[in-house]
Amino acid sequence: MRFAGWRVLKEGLTGNRGWGPHWRDPEPKREYDVIIIGGGGHGLATAYYLAAEHGITNLAVLERGYLGGGNVGRNTTIVRANYYLPGNSEFYSHSLRLWESLEQELNYNAMMSQRSILNLYHNDSQRDAAVRRGNSIVNQGDDAELLDREAVGKSAPYLNFDNNRFPIQGALMQRRAGTARHDAVAWGFARGADMRGVDLIQNCEVTGIDVEGGKVTGVQTVRGPIRAKKVALAAAGRSSQVAAMAGLTLPIESHVLQAFVSEGVKPLIDQVITFAEGHLYISQSDKGGLVFGSYLDFYSSYAARGNLPMVEHTMETCVAMVPAISKARLLRSWGGIMDMTPDGSPIIDHSPIDGLYLNCGWCYGGFKATPGSGNAYAHLIATDRPHGAATKFKLDRFRSGHGLMDEEGTGAQHNLH
Amino acid sequence: MRLTCPLCGERDRREFYYKGAALHRPAPDADLDAWHDYVNLRENPAGPLAELWYHEMGCGSWLTVTRNTATHEILEVALASTSGLGGPA
């Protein structure tokens, strides 16, 4: 089933009764070439690129719950490529280029909206850091512009420019950044993978990983054992539990990050804005809700909900930045489980076990990485060589100390990111 | 989430700084793997976890808190100096 304008029109006129399911619901086979553990954004994207670019279709994605029910459906939907350090820089650049052609490639409306991002700065040192980061972004081949206070005022007049503590001096802008409809990204990749023959198996929790003589041979699941030549983890916040099934301990702590949506208001914020004093990121969904978030709660958690001190901090920052929305009511909030690495950067690498691959440690920035991560991980699984845009996401950088990518400069240790 | 400090009583989460899992620090001359384990690797359980918290805005004590990471339930709080968790092995 291909989506096309005339089809949408026809279905709209005939009660939308002609649409079928977007993917099959197959029984698991007894053996696959590749099994991906985790049917979230990264796992589905990996399956799609394995099938589309590497011709590997004897492939299953095993998902404990339902497709896209984890962090890909729980984030603030921001897409950008304004990283600074080599390793991250070329990877997110690659990912943003994939985003730009994603909907055409998948024939799926992911509502990709390159509405630009403004990273505000409030003092001289933040301006200098923004200039440096902007130059780095331009050098990586992407766009960055430094806006002064007047230019920000034209673009986002509703901001509080004269906050006594944090007056706005300007912003670093990336026009190609924006937002995408997060669920549709998961669905688009799922449909694309399914159309190419990938089995997407839901309600199929993996309970064990079979390893014989240092080589992976398959997995145990609640729906029986499944053999596989290669097994690839894409379990995000649950990576530690899945890796432990193969006897591996990862450099990961799972933390909670909260996100918030206000009631719908008239169009106000037509870009993504980040506030550098106090940390906040905010955009407005097409339904009118303001979507925003802030820091981690800063304690280990699998509860998928946070605590009130960070809610309070986020609301304070929000109102300090955009006083006009102080009377908007909060519609809902939720928490996601973040797989935090010591340096805040991810891992796409072989594991010490032959045929077992790792994709984890996306911290609080996994959504924008979805196509890039799937593309690079598929390349690694298919060819056993890292993708050119993801050569530095090594597992052993933590042991050796070489190649750590501490984007925030806070120190590469747990609890600082 | 509130923690009951053994010296100050039940206090708001905001008074505490979170360090992470309460692990035994290897000897200074321990090998690289022992330090890699200590600095980077984590069991990261979804369930009870012994952690180090610092009562930053209270008495200044380091505490070992046993907390369920799946529910945020606090199971036990003790002074780190007496708990035997964390610090040198």
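How many salt bridges does the rule find across the interface of chain A and chain B? The count comes to three. Keep in mind that this is a predicted model.

## Where the two chains meet

Let's start with the overall picture: 28 residues of chain A are in contact with 28 residues of chain B. Putting the chains together buries about 2,300 Å² between them, and carbon and sulfur atoms give 46% of that area.

One salt bridge to look up joins the side chains of A:Glu253 and B:Arg42, at 3.2 Å from N to O.

## Chain A's side of the interface

So what does chain A bring along? At least two residues each come from α7 (239–244), β12 (253–264), β15 (289–300), α8 (308–321) and α10 (397–400) of chain A. The largest share belongs to β15(A), with four residues. Sorted by class, the side of chain A that touches chain B has eleven nonpolar, eleven polar and six charged residues.

## The second largest pocket

The top contributor is β12(A), which supplies four residues. By class, the lining has seven nonpolar, 17 polar and eight charged residues.

Conventions. Residues are numbered from 1 along each chain as its sequence is written. Chains are lettered from A and ligands numbered from 1 in the order in which they are written. This is a predicted model: local features need pLDDT of at least 70, side-chain atom pairs count only at pLDDT 80 or more; totals for chains, interfaces and linings use all residues. Side-chain values use heavy atoms; hydrogens and water are left out. Contact means heavy atoms within 4.5 Å. Buried area is the accessible area (1.4 Å probe) that two parts lose on being put together, summed over both. A salt bridge is a side-chain nitrogen of Lys or Arg within 4 Å of a carboxyl oxygen of Asp or Glu. Ala, Val, Leu, Ile, Met, Phe, Trp, Tyr, Cys and Pro count as nonpolar, Asp, Glu, Lys and Arg as charged, and the others, Gly among them, as polar.
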